[in-house]
Amino acid sequence: MRVDFHSHILPGMDDGAKDVAQAMELLGMLKKDGVDVVVATPHFYLDDDSVDDFLKARSESALRLNEAILSSKKNFPEIRLGAEVYFSPALLELEIDKLCISGTNYLLIELPYQSFSTVLLNSFHDFVRYCGHGIILAHIERYFEFNTFGSIDEILEGEVLAQFNCDSALEWRTRNRLLKLFFEGRLHIMGSDAHDPVRRPPRFGKAEKFLRRKYGNNEVNLLLKAAELAIKNAESGKIAGLRQGSFSF
Ligand SMILES: [Fe+2]
């Protein structure tokens, strides 16, 4: 089973698919890559939106897309609704359970693009501890530029799962550090972070192929298994444990 855990396919929701036609094109590309389930994760910024307004816009967008899927009479990956939630300690004051990926207890969280200060690390870990949800950290490689491996390790403490973007596995600037995490069992979930068919297409199949060629089927199968377990709402400890010790770097 292939699950794309991070995408901006919902039409008109954010800087992703601008209309239903683009969304359908993205879904077609994901289907071609063998993706069975795609998690739609439009951006949620607490300063810009209330949870209820966001959910209303999300369901209207999903409805328009579903209507187009039904009338196309074609098979596309199943869509699960979620959100890419920009971190703030104030999230604890909201009904964030409504932002979990549907059918799971997981939140996809995006952090500010900066070095992880003690204040940020502490407030993030307090959030992890008290929010009552499993945390998947979106595109972990985006923080490499500002942080050492030590800081990346610190942010992933407490069974936080790390998601990486397909593009970054293919991009030489991020690939080596990403693969170091991969081999250390600290990289759990793959996501396309697809936005549109031209500038930021899914590249799920291309990334999978590259990883299979370079690191073998066993490693990549474990990566796919982790995503399957997460979408089935398995506990994060079980997912994090899948790859630990499977390879020594
Ligand atoms: Fe994203």
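This is a predicted model: local features need pLDDT of at least 70, side-chain atom pairs count only at pLDDT 80 or more; totals for chains, interfaces and linings use all residues.
Residues are numbered from 1 along each chain as its sequence is written.

**View 1. Helices H1 and H2 pack against each other.** Val 20, Ala 23 and Met 24 of H1 make the contact with Arg 64, Leu 65, Ala 68 and Ser 72 of H2; contact asks for C-beta atoms, placed from the backbone, within 7 Å. H1 covers residues 20–32 and H2 residues 51–72, and they pack at an angle of about 65 degrees with their axes 10 Å apart. Axes are lines fitted to C-alpha atoms over the stretch in contact, and angles run from 0 to 180 degrees between N-to-C directions. Helices (H or I, at least four residues) and strands (E, at least two) are DSSP runs, numbered from the N terminus.

**View 2. E1, E2 and E4 form an open, parallel sheet.** The order of the three strands is E1-E2-E4, with E1 (3–4) and E4 (78–81) as the edge strands, each pairing on one side only. Pairing here takes at least two DSSP bridges between two strands. Four bridges join E2 (residues 37–40) to E4, and Val 38 stands opposite Ile 79 in E4.

**View 3. Helix H3 has a buried side and an exposed face.** Phe 124, Phe 127 and Val 128 are buried in H3; buried means 20 or more other C-beta atoms within 10 Å of a residue's own, exposed 12 or fewer, and partly exposed in between, with C-beta atoms placed from the backbone. Seen down the axis of H3, the buried residues fall within an arc of 100 degrees, so they line one face of the helix. That arc is taken from the directions between the helix axis and the C-beta atoms. They pack against E7 (134–137) and H4 (149–155). The face turned away carries exposed residues, including Thr 118, Asn 122 and Tyr 130. After H3 comes Gly 132, with a positive phi near 80 degrees.

**View 4. Leu 94 sits in the loop between E5 (84–86) and E6 (106–110).** Leu 94 counts as partly exposed because it has 16 C-beta neighbours inside 10 Å. Leaving aside neighbours within four places in sequence, Leu 94 is in contact with Leu 46 and Val 51.

Notes: Two residues are in contact if their C-beta atoms, placed from the backbone, lie within 7 Å.
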